[in-house]
Amino acid sequence: MAGAGRLRAQWNEALLEAAVAPAYAALLLEAAQLLGPTQAFWQLLPAGPGGSIPQPWLKAAASLYAGLAQQPVLWSPMGQGAWLTPRQVLLPDAACFVASSGRAGTVGAAEQQQLLEAEETGAGAAAGRLDVAESGEAAGAAALGYIGGGAPASCLAELLVACGVPLVLALSEGQQHCLLQWTPGTQLVSPALTRKLLASNSSQLAQALQR
C-alpha cells in the first residue's frame, strides 16, 4: 500500500490507538460499576482465541490493555470482593482450577453461574468445589486448558483467596494472555509470590486454615 491509501491506513490505526482505546477503557470503568462482576462485564474485555486478535483491532487492543494498568477493572473475590487494578492482582494458573476427566473438557452452565454468583457476593472461590485428588486437579486443569473463564475453582484457589491473595478467577484464557502480554505490572501467581504474601499475613492464613 502506498500514497493516499497508506496515509488513510495510518490515520485509521492512529485513531484506534489514540481515541478508540481510551474511550473503551472509560466504558469499561463505567460498565464495572453498572454491571458488577458478571458475565456481561467479562465479555466486554476483548480477546480472540488464544489471545489472538485480528488486525486492525490488534493495535487498538494492545493500546487498551496497556492503558488499563492503573484502572480498577478486575474483580477479586478476596475479602468482601473489590475492583482492583491489574497491578494489584494476581492471575491464576492451571492449578487454581479443577477439571475431572468425566466432564470431557467442559463445565456445566449451572456451575459457571454458581462461580459468577459467588464472586458477586464476595464468597469467592467457594463455588464449584469438586472432590478430586489435588494432584489430579492440577494435571486435569492443565490438560484441558482451564485458565479461568468459568471453570470451577480448586481448593488451592479457595485457600489463597481466603488468605487474602487477590486472585482474579473469571477471566478467559485469551483475556489473561492479553493482560500478561500488554498490561505493565500484571503478574501470574507463583509459589514464590504466594509464600511472600502468606508470610506477610500469617494471622489470616491461620484463620483460613481453621475454617
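Modeller: Before we start, helices in this predicted model are DSSP runs of type H or I with at least four residues, numbered from the N terminus.

Biologist: Fine. Where is Thr 38 found, then?

Modeller: Thr 38 is in the loop between H1 and H2.

Biologist: Is Thr 38 buried or exposed?

Modeller: Thr 38 is buried, at a relative accessible area of 18%; the cut-off for buried is under 20%.

Biologist: And what does the side chain of Thr 38 reach?

Modeller: The backbone oxygen of Leu 35, at 3.3 Å.

Biologist: Next loop. What does Leu 44 touch?

Modeller: Leaving out residues up to four places away in sequence, Leu 44 touches Tyr 24, Leu 27, Leu 28, Ala 31 and Leu 35. Leu 44 belongs to the loop between H2 and H3. Its relative accessible area is 24%, which makes Leu 44 partly exposed.

Biologist: How far apart are the C-alpha atoms of Leu 44 and Leu 28?

Modeller: They are separated by 7.4 Å, and the two residues are 16 apart along the chain.

Biologist: Now H3. Which residues of H3 are buried?

Modeller: Ala 60, Ala 61, Ala 62, Leu 64 and Tyr 65.

Biologist: What do those buried residues of H3 pack against?

Modeller: Helix H1, residues 3-35, and H7.

Biologist: How accessible is Glu 13, and how accessible is Lys 59?

Modeller: Glu 13 is partly exposed at 30% relative accessibility. Lys 59 is partly exposed too, with a relative accessible area of 34%.

Biologist: On to the rings. How many aromatic pairs are there?

Modeller: The count comes to 5 aromatic pairs, taking ring centres within 6.5 Å. Phe 41 sits in helix H2, residues 39-42, and Trp 83 in strand S2, residues 82-84, which puts them 42 residues apart.

Biologist: Are Phe 41 and Trp 83 buried or exposed?

Modeller: Both Phe 41 and Trp 83 are buried.

Biologist: You had Tyr 65 on the buried list of H3. Which residue does Tyr 65 form an aromatic pair with?

Modeller: Trp 182. The pair is tilted, with 6.1 Å centre to centre and 40° between the planes. Tyr 65 is in helix H3, residues 57-67, and Trp 182 in helix H7, residues 173-182, so the pair ties together parts 117 residues apart in sequence. Tyr 65 is buried at a relative accessible area of 1%, and Trp 182 counts as buried at 18%.

Biologist: Which residues form an aromatic cluster?

Modeller: Phe 41, Trp 42, Trp 75 and Trp 83 form one cluster.

Biologist: Last topic, cysteines. How many disulfides does a search of the whole structure find?

Modeller: The search finds 0 disulfides.

Biologist: And is Cys 178 buried or exposed?

Modeller: Cys 178 is buried, at 0% relative accessibility. Cys 155, by comparison, is partly exposed with a relative accessible area of 39%.

Conventions
Residues numbered from 1 in each chain as written. Predicted model: local features only at pLDDT ≥ 70, side-chain atom pairs only at ≥ 80, totals over all residues. Heavy atoms only, no water. Phe/Tyr/Trp six-rings, centres within 6.5 Å; stacked < 30°, edge-to-face > 60°. Helix = DSSP H or I, 4+ residues; strand = E, 2+ residues; numbered from the N terminus. Buried < 20%, exposed > 50% of the residue type's maximum accessible area, 1.4 Å probe, protein only. Contact = heavy atoms within 4.5 Å. Disulfide = S-S within 2.5 Å. Polar contact = N/O pair within 3.5 Å; in protein donor to acceptor, adjacent residues only side chain to side chain.
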